[in-house]
Amino acid sequence: MASRARTALFVVGGVFAALAVGVVVGEIAGWPFLRQPMQSAASKATAVPVTLDGRVRVHLIWRPRVEVEHLNIGSDPRFEAPHLLDARGVSLAWRWGDVWRWQRGNEQLRVQTLAADVLDARLVRQADGNANWQLGAPDKAPKEDERGLGGMPSFGSLVVGQGHIDWKDRVQDTDLDVNVRGREGEAITGKDAGYEATIKGHYQKLKMNLQVRAGSTMPLLNDPETAPDAPWVPVRVEGSVASSRLLFDGQAAALLGIPRLDGALSFQGPSLAAVGEPLGITLPQTPPFDLRGRLSQNAGVWRLQASRATIGTSRLAGDLSFHQRATPSRLTGTVTGPKLAFADLAPAVSGSQPPPSNAPAAQSPARPDGKVLPQRRFDLPSLKVMDADVKFAIDQVDFGTTAMAPLQKLKVHVLLDAGVLRLDDLETTVAGGQFKGMTQLDANTQPAKWAARLDINGVDIAGWLRGMKPDDAAPAAKATAPQALKKEREQARKGGEQAVQSYVTGVLSGKLDVRGSGNSTAQILSSLDGPIDIRLRDGTISHLITEAVGLDVAQAIGVFIKGDTPLPLRCARFDLVANDGVIVPRLAVLDNQDSTIRATGQVNLNDESMAMRVVTQPKDWSPLSLRTPINVNGTLGSPKVGIEARGLVGRVLGAVALGVAAGPAAAVVPLVERGKRDDTVDPCVTNTAAAVAEQSAPSGSAKKP
């Protein structure tokens with residue numbers, strides 16, 4: 001009995017030993033007798049003809065792979081392609097777990113390595129999403145992955161010595177022709193050794209014509225999850241993308257699919273928008289750009305470290321990451337630089353295309369309806385294409401006009417999240433003062449909702465709004481410094497005769513908290529709601545303007561003859577409230593040593609109409625004054641300024657009557673202005689009953705339609 005057991009044990013052990021020896025011999029020999037079974041099994045699994053010609057070596061246990069002298073994988077006749085893949089000198093490696101999951105339909109086919117000395121691939125996808133690379137039963141629905149190449153095997157690495165890839169994809173509007181040519185084995189050394197490739201055609205809407213040079217291999221595809229240790233090789237890419245020129249010099253593990261690369265980048269083109277639109281990146285229309293820096297891509301994240309980015313006259317830098325595989329795609333990072341010219345990005349706001357750099361300057365044509373508020377509709381769908389989280393820190397923002405001083409030290413946090421654009425933590429300085437605030441545009445509602453908050457503190461208004469200077473102001477005054485304006489105010493208080501260097505000076509402060517809705521600037525302003533409070537103190541105002549507004553003929557003539565001089569400005573305040581697009585002043589007053597000027601009425605942003613009344617109360621004596629309220633009517637595009645005739649006619653008739661009765665000298669008596677001064681009341685703080693009565697709007701003033 002024991003003898004039989006020992007015999008059986010020896011037999012079983014011998015069988016296992018023989019199998020083990022057979023497996024070892026088979027692994028060493030490459031299982032040559034498995035050519036036909038493997039060919040049949042592959043054809044059945046892929047549902048297309050698969051042929052293995054020439055020398056074939058198979059390894060099934062240790063690092064499973066097949067080495068084939070000639071491999072041909074057919075293409076379904078529906079796609080009118082001669083084959084899917086025809087390759088020579090092929091090494092194909094896989095993992096059994098990946099094959100098992102693919103056979104069960106749980107995952108796409110993962111190929112660990114495909115290397116070929118010569119390769120010819122014909123990739124075709126039709127408009128219905130069916131593709132010849134979707135290997136398996138033809139009734140299986142195509143599966144879309146994050147690459148948008150549903151059913152395409154995932155390659156740990158795809159390396160080609162030389163060959164051709166023809167990729168026609170009607171789903172992604174792609175038609176690329178890739179040719180690879182090796183330059184090894186030709187007694188070529190140094191920089192000319194390695195591989196060359198040309199990539200021509202278009203990817204989505206991006207026309208491409210690129211020349212690629214690589215080192216020891218041409219790394220076309222790589223899946224970092226399947227083959228994270230794929231070799232990085234030196235790569236240089238040069239050519240055109242859309243209408244832009246590109247030069248990349250660095251290293252890469254993959255150039256197609258989701259690239260893996262890292263290197264120096266030089267990129268020039270006519271506009272950022274032409275590059276961003278096909279890639280799903282919301283970028284503005286801009287003047288020509290020139291970008292230098294470092295570009296990398298790994299795990300679906302593009303990173304651009306721009307050491308220099310020139311856009312028109314703007315000079316910027318930054319560190320930006322574009323998360324291509326996020327849903328939706330996401331842009332993060334920082335942008336810095338010494339100068340941002342607003343005109344370089346203005347087309348993004350107005351929506352118009354920037355004129356060529358050599359085009360002559362031209363004025364905007366007048367609109368036939370006479371309105372001036374911008375009516376161009378916002379591109380709201382672009383706010384939902386991607387998300388963004390970018391911080392800006394710019395030394396200077398130039399508005400492109402001498403009438404306004406550049407902003408300094410601009411900081412803002414731009415957030416774009418699910419169609420909501422926010423400019424948070426906005427902070428900048430100008431003319432010794434500061435602006436702080438935020439704004440938001442929500443594209444998820446119809447119409448879009450907009451809101452803004454802004455605080456203004458300590459801004460020298462003449463230093464900021466330089467366009468308020470007389471044409472004959474001294475050149476130095478055109479770039480007025482706060483110290484010069486302070487000197488002008490001091491001389492005005494002392495009664496100096498210095499000529500006016502700015503019609504209005506002073507320290508500006510204010511707050512606004514407004515909101516509106518609409519798909520254009522005009523629509524938002526026509527629904528504007530919220531308070532606007534602007535104050536000006538410690539400044540000066542033109543003497544001539546003050547007398548002209550008060551219709552003080554005698555003093556205006558005197559000022560005109562001897563020259564305009566600044567009057568000390570006690571205060572000015574415009575406390576406004578907007579209600580559904582109608583702006584009404586709760587208090588609008590300007591007070592200087594000569595007069596107190598008040599305004600009432602409304603500005604209707606729905607139809608851009610105005611109905612304002614300006615009343616001047618002189619503080620000093622004048623022998624010849626026609627003091628009467630001034631009315632400002634009409635529209636923003638065509639204002640009409642006139643005087644109220646009632647009071648003026650009475651004074652003029654009285655002067656005529658006295659002149660006839662008592663002689664010419666008596667005629668000036670009704671026109672004498674005695675003035676009224678009360679420096680105990682601050683009109684910019686207290687709205688007295690008398691002031692209210694004097695501000696009363698005339699009957700028939702315009703109402704909101």
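**Figure 1. Disulfide of Cys-571 and Cys-684.** Cys-571 is buried, with a relative accessible area of 1%. The view is taken from a predicted model. Cys-571 is joined to Cys-684 by a disulfide with an S to S distance of 1.9 Å. The two cysteines bring together distant parts of the chain, 113 residues apart: Cys-571 belongs to strand 26 (residues 566–579), and Cys-684 to the loop between helix 12 (645–662) and helix 13 (689–695). Cys-684 is likewise buried, at a relative accessible area of 2%. The link is right-handed, with 95° about the S-S bond. The count for the structure comes to 1 disulfide.

**Figure 2. Antiparallel pairing around strand 15.** Strand 15 (residues 289–298) pairs with strand 14 (residues 260–269) in the antiparallel sense over 9 bridges. Strand 15 also pairs with strand 16 (residues 301–311), again in the antiparallel sense, over 10 bridges. Arg-294 of strand 15 is the bridge partner of Ala-264, and Arg-294 also stands opposite Gln-305 in strand 16. The hairpin of strand 15 and strand 16 has 2 residues between the strands, and Ala-299 in this hairpin takes a positive phi near 55°.

Figure 3. The whole structure holds 3 aromatic pairs. Phe-267 and Phe-289 are both buried. Phe-435 and Trp-464 form another edge-to-face pair, with 5.2 Å centre to centre and 65° between the planes. Because Phe-435 lies in strand 22 (residues 433–442) and Trp-464 in helix 6 (residues 461–464), the pair ties together parts that are 29 residues apart in sequence. Phe-435 counts as buried at 8% relative accessibility, as does Trp-464 at 16%.

Figure 4. Asp-424 is placed in strand 21 (residues 420–430). With a relative accessible area of 14%, Asp-424 falls under the 20% cut-off and is therefore buried. Its side chain makes a polar contact with the side chain of Arg-422, at 2.7 Å. Leaving aside residues up to four places away in sequence, Asp-424 touches Val-412, His-413, Leu-415, Gly-437 and Met-438.

Figure 5. Thr-327 and Pro-328 are joined by a cis peptide bond with omega of about -10°. Pro-328 is found in the loop between strand 17 (314–323) and strand 18 (329–341). A cis peptide bond also joins Gln-446 and Pro-447, where omega is about 0°. The loop that holds Pro-447 runs between strand 22 and strand 23 (449–460).

Figure 6. Although Ala-47 is not a glycine, it has a positive phi of about 65°. Ala-47 is situated in the loop between helix 2 (35–46) and strand 1 (50–59), and at 39% relative accessibility Ala-47 counts as partly exposed. Asp-580, also not a glycine, has a positive phi of about 55°. Asp-580 lies in the loop between strand 26 and strand 27 (582–592). At 37% relative accessibility, Asp-580 counts as partly exposed.

How values were computed:
Residues are numbered from 1 along each chain as its sequence is written. This is a predicted model: local features need pLDDT of at least 70, side-chain atom pairs count only at pLDDT 80 or more; totals for chains, interfaces and linings use all residues. Side-chain values use heavy atoms; hydrogens and water are left out. Two strands pair if DSSP finds at least two bridges between them. Helices (H or I, at least four residues) and strands (E, at least two) are DSSP runs, numbered from the N terminus. Buried means under 20% relative accessible area, exposed over 50%, partly exposed in between (1.4 Å probe, protein chains only). A polar contact is a pair of N or O atoms within 3.5 Å; within protein, one must be able to donate a hydrogen and the other to accept it, and residues adjacent in sequence count only if both atoms are side-chain atoms. Contact means heavy atoms within 4.5 Å. A disulfide is a pair of cysteine sulfur atoms within 2.5 Å. Rings of Phe, Tyr and Trp (its six-membered ring) pair if their centres lie within 6.5 Å; planes under 30 degrees apart count as stacked, over 60 as edge-to-face and the rest as tilted.
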